[in-house]
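User: I have a structure open and I'd like to talk it through. Can you take me around?
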Amino acid sequence: MATFLEDTGLMNDSQHGFRKSRSCLTQLLVHYEKVLTSLENNKDVDVVYLDIAKAFDKVDHGILLHKLRRMGITGELGRWL
């Protein structure tokens, strides 16, 4: 599924988890660079960190499956999900 989303350009470039050559560390480095650049340009920076470890426990699975279908995840994979 990740390959499909990558190949079709549907994966947000800000997504680092579950992507080849990306990790929590690469996401942190990108974020850190944006903060430093903003501060160097005398811009204000606000950051909010959230712990969403249990996010999928609260996701409406019907809505999630609908969004996956709209993105083209159908057929056997769609049914399996």
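Predicted model: local features only at pLDDT ≥ 70, side-chain atom pairs only at ≥ 80, totals over all residues.

User: What are the elements, from the N terminus on?
Analyst: They run α-α-α-α-α. The chain has five helices and zero strands.

User: What is its radius of gyration, next to that of a compact globule?
Analyst: The chain has 17 Å. A compact globule of 81 residues would have a value near 12 Å. The C-alpha atoms fill a box of roughly 50 × 30 × 20 Å along the principal axes.

User: And how much of the chain counts as buried?
Analyst: Of the 81 residues, 9% count as buried. The accessible surface comes to about 7,300 Å². Carbon and sulfur atoms account for 57% of that surface.

User: New topic. How many salt bridges does the structure hold?
Analyst: Two. In one, glutamate 6 pairs with arginine 19, with the closest N and O atoms 2.5 Å apart. This pair links distant parts of the chain, 13 residues apart. Glutamate 6 sits in helix 1, residues 2-7. Arginine 19 is in the loop between helix 1 and helix 2, and helix 2 covers 24-40.

User: Why can side chains pair like that?
Analyst: Side chains of opposite charge can pair when their charged atoms come close.

User: Is arginine 19 buried or exposed?
Analyst: Arginine 19 counts as buried, because its relative accessibility is 11% and the cut-off for buried is under 20%.

User: What else does the side chain of arginine 19 reach?
Analyst: It reaches the backbone oxygen of asparagine 12 at 2.9 Å. The side chain of arginine 19 also reaches the backbone oxygen of glutamine 15, at 3.0 Å. Now leave aside neighbours within four places in sequence. Arginine 19 is then in contact with Glu6, Met11, Asn12 and Asp13.

User: Back to salt bridges. Which residue does arginine 22 pair with?
Analyst: Aspartate 13. The closest N and O atoms of that bridge are 2.9 Å apart. Arginine 22 is partly exposed at 26% relative accessibility. Aspartate 13 is exposed, with a relative accessible area of 54%.

User: Where is histidine 16?
Analyst: Histidine 16 is in the loop between helix 1 and helix 2. It is buried, with a relative accessible area of 10%.

User: What does the histidine 16 side chain make a polar contact with?
Analyst: With the side chain of threonine 26, at 2.7 Å. Setting aside neighbours within four places in sequence, histidine 16 is in contact with Arg22, Ser23, Thr26, Gln27 and Val30.

User: Let's move to helix 4. What happens at its start?
Analyst: A side-chain oxygen of aspartate 60 reaches to within 2.9 Å of the backbone nitrogen of glycine 62. Just after helix 4, glycine 72 takes a positive phi of about 100°.

User: Which residues form the nonpolar patch on the surface?
Analyst: Met1, Leu77, Trp80 and Leu81. Together they have about 430 Å² of accessible area. Leucine 77 is in helix 5, residues 75-80, and is partly exposed at 34% relative accessible area.

User: What separates leucine 77 from threonine 37?
Analyst: Their C-alpha atoms are separated by 42 Å, and the two are 40 residues apart along the chain. Threonine 37 is in helix 2. It is partly exposed, with a relative accessible area of 32%.

User: Last one. Is aspartate 46 buried or exposed?
Analyst: Exposed, at 75% relative accessibility. Aspartate 46 lies in the loop between helix 2 and helix 3, and helix 3 covers 55-58. The C-alpha atoms of aspartate 46 and cysteine 24 are separated by 20 Å, at 22 residues apart along the chain.

Key: Residues numbered from 1 in each chain as written. Heavy atoms only, no water. Salt bridge = Lys/Arg side-chain N within 4 Å of Asp/Glu carboxyl O. Helix = DSSP H or I, 4+ residues; strand = E, 2+ residues; numbered from the N terminus. Buried < 20%, exposed > 50% of the residue type's maximum accessible area, 1.4 Å probe, protein only. Polar contact = N/O pair within 3.5 Å; in protein donor to acceptor, adjacent residues only side chain to side chain. Contact = heavy atoms within 4.5 Å. Patch = residues over 30% accessible without salt bridge, like charges linked within 9 Å, V, L, I, M, F, W, Y side chains within 5 Å. Areas by Shrake-Rupley, 256 points an atom, 1.4 Å probe, with all protein chains shown as cover. Rg over C-alpha atoms; globule rule 2.2 N^0.38 Å.
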